[in-house]
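Welcome! Take a moment to look over the sequence and turn the model around on your screen. Then read on for a short tour.

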Amino acid sequence: MIKINTYTELLNEKQRLKLLLEVHKIIIKEDAAMIRETIKPATDALGVIGKFTNRDRTNPLLNLGVDFGVDLIVRKLLLGRAGWISKIIIPFIVKNFSSNIFAENKRFGFLNKLLN
């Protein structure tokens with residue numbers, strides 16, 4: 001602890017503490033950036049898992065088409081003789097993932113390429 005006797009010493013101490021605060025803010029920002037970079041693979045993996053568990057609800061017409069296609073192709077043709085658990089779980093995962101993939105690729109004109 002520094003003993004302050006005069007007003008100028010007080011101002012100098014105040015300036016020193018402000019500079020120290022700025023240095024610590026910079027260090028904290030760098031540490032936070034390093035932590036974000038370290039956990040980036042985990043957040044990317046969670047994003048992919050999220051695509052399997054959650055649907056993209058921005059385009060209901062696209063989801064209707066995905067539902068119809070998955071029901072027709074996956075549930076009826078590919079899983080025609082599979083058990084009832086497989087007929088429930090696999091189409092659910094395929095519908096969620098494909099709705100996210102089609103929603104992402106819509107921005108890149110995927111359906112236009114497919115139609116051409």
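## A bend in a helix

Helix 3 has a kink of about 30°, centred on Asp71; the bend at a residue is the angle between axes fitted to the seven residues ending there and the seven starting there. Helices here (H or I, at least four residues) and strands (E, at least two) are DSSP runs, numbered from the N terminus. This is a predicted model, in which local features need pLDDT of at least 70 and side-chain atom pairs count only at pLDDT 80 or more, while totals for chains, interfaces and linings use all residues. Residues are numbered from 1 along each chain as its sequence is written, and side-chain values use heavy atoms, with hydrogens and water left out.

How far apart are the end C-alpha atoms of helix 3? They are 25 Å apart, which agrees with the 27 Å that its 19 residues (60–78) should span at 1.5 Å a residue. The expected span is 1.5 Å times one less than the number of residues in the helix.

## The whole chain

The protein chain has five helices and zero strands, so from the N terminus on its elements run α-α-α-α-α. Of its 116 residues, 14% count as buried. Buried means under 20% relative accessible area, exposed means over 50%, and partly exposed is in between (1.4 Å probe, protein chains only).

The accessible surface of the chain comes to about 9700 Å², and 67% of that belongs to carbon and sulfur atoms. Such areas come from the Shrake-Rupley method with a 1.4 Å probe; for residues, only the protein chains shown count as cover. Contacts (heavy atoms within 4.5 Å) can also be sorted by their separation in sequence. Among the contacts in the chain with a separation of 6 or more, 60% are between residues 24 or more positions apart.

## Buried residues of helix 3

Which residues of helix 3 are buried? They are Leu62, Asn63, Val66, Val70 and Val74. Let us follow one of them. Val74 has a relative accessibility of 12%, so Val74 counts as buried. Leaving aside residues up to four places away in sequence, Val74 touches Gly69, Leu79, Ile90, Pro91 and Val94. Val74 and Lys87 are 13 residues apart in sequence, and their C-alpha atoms are 8.5 Å apart in space.

## Charged partners

Side chains of opposite charge can pair when their charged atoms come close. A salt bridge here is a side-chain nitrogen of Lys or Arg within 4 Å of a carboxyl oxygen of Asp or Glu. The structure holds six salt bridges, including the ones in this table.

| Salt bridge | N to O distance |
|---|---|
| Lys40 and Asp44 | 3.5 Å |
| Asp71 and Arg75 | 3.3 Å |
| Asp71 and Lys95 | 3.3 Å |

Asp71 in helix 3 and Lys95 in helix 4 link distant parts of the chain, 24 residues apart. Lys40 and Asp44, in contrast, both lie in helix 2, four residues apart, about one turn of the helix. Asp71 and Arg75 are also four residues apart, about one turn, and both lie in helix 3.

Is Lys95 buried or exposed? Lys95 is buried, with a relative accessible area of 15%. Lys95 lies in helix 4 (residues 84–106), and, not counting residues up to four places away in sequence, Lys95 touches Arg55, Val66, Asp67, Val70, Asp71 and Arg75.

Lys40 counts as partly exposed at 41% relative accessibility, and Asp44 does at 42%.

## A pair of rings

A pair of aromatic rings is described by the distance of the centres and the angle of the planes. Rings of Phe, Tyr and Trp (its six-membered ring) pair if their centres lie within 6.5 Å; planes under 30 degrees apart count as stacked, over 60 as edge-to-face and the rest as tilted. The structure holds one aromatic pair. The rings of Phe52 and Phe97 have centres 4.5 Å apart and planes at 10°, so this pair is stacked. Because Phe52 lies in helix 2 (residues 40–53) and Phe97 in helix 4, the pair ties together parts that are 45 residues apart in sequence. Phe52 is partly exposed at 33% relative accessibility, and Phe97 is partly exposed with a relative accessible area of 28%.
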